[in-house]
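Here is a briefing on one structure. The sequence and the model come before the notes.

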Amino acid sequence: MKITFYGQNSLAIEVSGKHIVVDPFISGNPLSKDKVDINDLKADYILLTHAHQDHVLDAEAIARNTGATIVSNYEIAMHYQDRGFTVHPMNHGGSWQFDFGKVKYVNAIHTSTFADGSDGGFPGGFVIEGEHKNIYIAGDTALTMDMKLIPLRTKLDLAILPIGDNFTMGVDDAILASDFVECEKVLGVHYDTFGYIEIDHDDAKRKFYEAGKDLMLLDIGGSLEL
Ligand code: NI
Ligand code: MN
C-alpha cells in the first residue's frame, strides 16, 4: 500500500492495483495548488470523510475526469448521485468489501455541512483493511472514546490523524488517539493550511517521540509505503 499526501486531509492510496483519492482539497489549498494538478490524479474511488469544503472541493472535478465512485455517508453520497456521479453510500459502523479491500465508516466528532449550507450528514472516518496492511483515516475529529472500538476489530499498521488543533484534535490529543487505536505509527494531517492550524513541526515530532511514538509529516506530494 502506497500513501501520498497532497495537503490538509488529501491523500492518494494505491492498493491492489486500485487508486483511491481521499478528501481532495488541492486546487483551493495555497500549500498544494501549484504543486499538484488534479487532472493528473488517477482515481477508481474517492472517499469523503465529511462535506466541509477543505475535504470535498475537488471531488466533482476528479470524479468527472476519472469516473471514480464516490464513497461517503448516505447524505453526501446522495448529494453527488443527484449530480450524476456514481456513488457508494455508507453509514456509521457499516463495512463493505470493495475490490481493493474492506472499508468501514467509523465515528468522528465534528460537523459536516456543505459549503452551500446543505446537509452533509454526520462526519466520519474510514478504516481500510487491504493487502495485509490496515489503516485508519480519522478525518476531522475530536479525540473520542469511540476510537477504542477500532482495535477490537482491526490491528492497524498506520493511523492518519489530524494534528492541527482548533477545528480538530491537536498534537496532545492525537497522541492519546494513537493509544486508543493501538497504533504507534502516525501520519499527521490537517495542519498548516490556514493560520488557525499552523503547528511547530519539530515540537509535534518531539512530543510523539517522547510518548514512544512515530509521527510522520510528509511534504506535499510525498509518499510512504506500508
Ligand atoms: Ni471539517
Ligand atoms: Mn477540515
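**Largest pocket and overview**

The residues lining the largest pocket split into nine nonpolar, six polar and five charged. Here Ala, Val, Leu, Ile, Met, Phe, Trp, Tyr, Cys and Pro count as nonpolar, Asp, Glu, Lys and Arg as charged, and the others, Gly among them, as polar. The model is predicted: local features need pLDDT of at least 70, side-chain atom pairs count only at pLDDT 80 or more, and totals for chains, interfaces and linings use all residues. Residues are numbered from 1 along each chain as its sequence is written, chains are lettered from A and ligands numbered from 1 in the order in which they are written, and side-chain values use heavy atoms, with hydrogens and water left out.

- The volume of the largest pocket is about 340 Å³. A pocket is found on a 1 Å grid over the protein atoms alone, as an open set of points where a 1.4 Å probe fits, with protein on both sides within 12 Å along at least five of seven lines. Lining residues have an atom within 4 Å of a point. Grid points are joined across faces, edges and corners, and the volume is the space filled by probe spheres set on the points.
- The largest pocket is lined by 20 residues, and K104, V106, L149, I150 and R153 are the closest to its centre.
- Strand 8 (101-107), strand 9 (124-130) and helix 4 (150-153) are the elements that give two or more residues to this lining. Helices (H or I, at least four residues) and strands (E, at least two) are DSSP runs, numbered from the N terminus.
- Strand 8 gives the most, with six residues.

**Metal site**

- D54 (OD), H55 (NE2), D140 (OD) and H190 (NE2) coordinate the manganese ion (ligand 2) at 2.1 to 2.2 Å. Donors are N, O and S atoms within 2.8 Å of the metal (3.2 Å for Na, K and Ca); water is not among the atoms, so sites may look incomplete.
- The sequence spacing of the donor residues of the manganese ion (ligand 2) is D-H-x84-D-x49-H.
- D140 bridges the manganese ion (ligand 2) and the nickel ion (ligand 1). The two ions lie 3.1 Å apart.
- Distant parts of the chain are linked here: D54 is in helix 1 (residues 53-56) and H190 in the loop between strand 12 (185-189) and helix 6 (201-210), 136 residues apart.
- D54 is buried at 12% relative accessible area, and H190 is buried at 1%. Buried means under 20% relative accessible area, exposed over 50%, partly exposed in between (1.4 Å probe, protein chains only).

**Aromatic contacts**

- There are eight aromatic pairs in the structure. Rings of Phe, Tyr and Trp (its six-membered ring) pair if their centres lie within 6.5 Å; planes under 30 degrees apart count as stacked, over 60 as edge-to-face and the rest as tilted.
- One of them is the stacked pair of F98 and F100, at 5.4 Å centre to centre and 15 degrees between the planes. F98 is buried at 8%, and F100 is buried at 2%.
- The pair of Y105 and F126 is tilted, because the ring centres are 5.3 Å apart and the planes stand at 55 degrees. Y105 is in strand 8 and F126 in strand 9, so this pair ties together parts that are 21 residues apart in sequence. Y105 is buried at 0%, and F126 is buried at 0%.
- Y45, F98 and F100 make up one aromatic cluster.
- K148 lies over the face of F180, 4.7 Å from the ring centre. A charge sits over a ring if NZ of Lys or CZ of Arg is within 6 Å of the ring centre and within 35 degrees of the ring normal.

**Loop residues**

- Most residues other than glycine have a negative phi.
- E131 has a positive phi, near 45 degrees. E131 lies in the loop between strand 9 and strand 10 and is partly exposed at 41%.
- D192 also has a positive phi, of about 70 degrees, and is not a glycine. D192 sits in the loop between strand 12 and helix 6 and is buried at 19%.
- G139 is in the loop between strand 10 (133-137) and helix 4, buried at 1%. G139 and N9 are 130 residues apart in sequence, with their C-alpha atoms 7.1 Å apart.
- C183 is in the loop between helix 5 (171-180) and strand 12, buried at 3%. The C-alpha atoms of C183 and A77 are separated by 30 Å, and the two residues are 106 apart along the chain.
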